[in-house]
Amino acid sequence: MPVSYLSKRLSPYVRVAAIIVVAALLILAGARVQSWRTYGPRSRLLTLVNPWNPVSETGYTARLVEIEDGFQVDRACAESLQKMLADCRTAGRNVVITDAYRSVDDQLVLHDVRVQSLVDGGLSPEQAEMQVARTIAAPGRSEHELGLAVDIVDGENPETDKTQAETPTGQWLAANSWKYGFIQRYPDGAEEITGYDWHPWHYRYVGEDVARNIYSLGITLEEYLSLFYSDEAQVEIDQTSSYG
Ligand SMILES: [Zn+2]
């Protein structure tokens, strides 16, 4: 039976759906091949830390260098971060880093101060813990302890809240960060997967190839890892990788 005859017999909806499915499969196949070719063993840049995966179980050690204003990051992402900040400024944005690497002790202080402020405001300690858990990682479970995460805001509106998505800096970063290897780590609508509310100010370095794939597929790091590394234990990362 000629293909042209078949295609005429199919409803437009079925044809559109078929095209979308084939396109999605091609993108996934391309991303997978690219990932294997580029990385081989899982790079330390893909270390997963979230409420269910503490830093202590990853075997990861941050290799710190200072970037600006006294903030430190893992040296694997320093150059890309500085290039991104420079290009963002060249584009006329007032971009400011508000946090980068944090030690476990830094995270403990940050967490406890926020809990205490809510308790002072009238919540019970249990309620305060639950509320804080949606935005601040428990000590030992923050990506900031890897040195691969940065909080970046607009100098005209330096709030770490959802309004950051509307600022000129927030919009520039959302559109361009993947080109420098950074992803918006906690997107809107992915709270059940990432464990955190939408953080339009929090960017995580994963390397340029992976960032491009995650951005183009519109998925989270958790979903990317389960797609491409599902048969590999989370803790088995390659500390000797030349990619960081
Ligand atoms: Zn952050």
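Modeller: Helices here are DSSP runs of H or I with at least four residues, strands are runs of E with at least two, and both are numbered from the N terminus. This is a predicted model, where local features need pLDDT of at least 70, side-chain atom pairs count only at pLDDT 80 or more, and totals for chains, interfaces and linings use all residues. Residues are numbered from 1 along each chain as its sequence is written, and side-chain values use heavy atoms, with hydrogens and water left out.

Colleague: OK, the sheet. In what order do the four strands form it?

Modeller: Two strands pair if DSSP finds at least two bridges between them. Here the order is β3-β4-β6-β5, an open sheet with antiparallel pairing. β3 and β5 (182-184) each have a single partner strand, so one side of each has no neighbour in the sheet. Between β4 and β6 there are three bridges, and Ala 149 has Arg 204 of β6 as its bridge partner.

Colleague: Which strands does α3 lie across?

Modeller: Contact means heavy atoms within 4.5 Å; axes are lines fitted to C-alpha atoms, for helices over the stretch in contact, with angles from 0 to 180 degrees between N-to-C directions. α3 lies across β3, β4, β5 and β6, at about 145° to β3.

Colleague: Is Asp 151 buried or exposed?

Modeller: Buried is under 20% relative accessible area, exposed over 50%, partly exposed in between (1.4 Å probe, protein chains only). Asp 151 counts as buried because its relative accessibility is 5%. Asp 151 sits in strand β4, and its contacts include Val 96, Arg 102, His 144 and His 202.

Colleague: What about Asp 69, buried or exposed?

Modeller: Asp 69 is exposed, at 64% relative accessible area. You'll find Asp 69 in the loop between β1 (64-66) and β2 (72-74), with a positive phi of about 55° although Asp 69 isn't a glycine.

How values were computed. Lists of a residue's contacts leave out its neighbours within four places in sequence.
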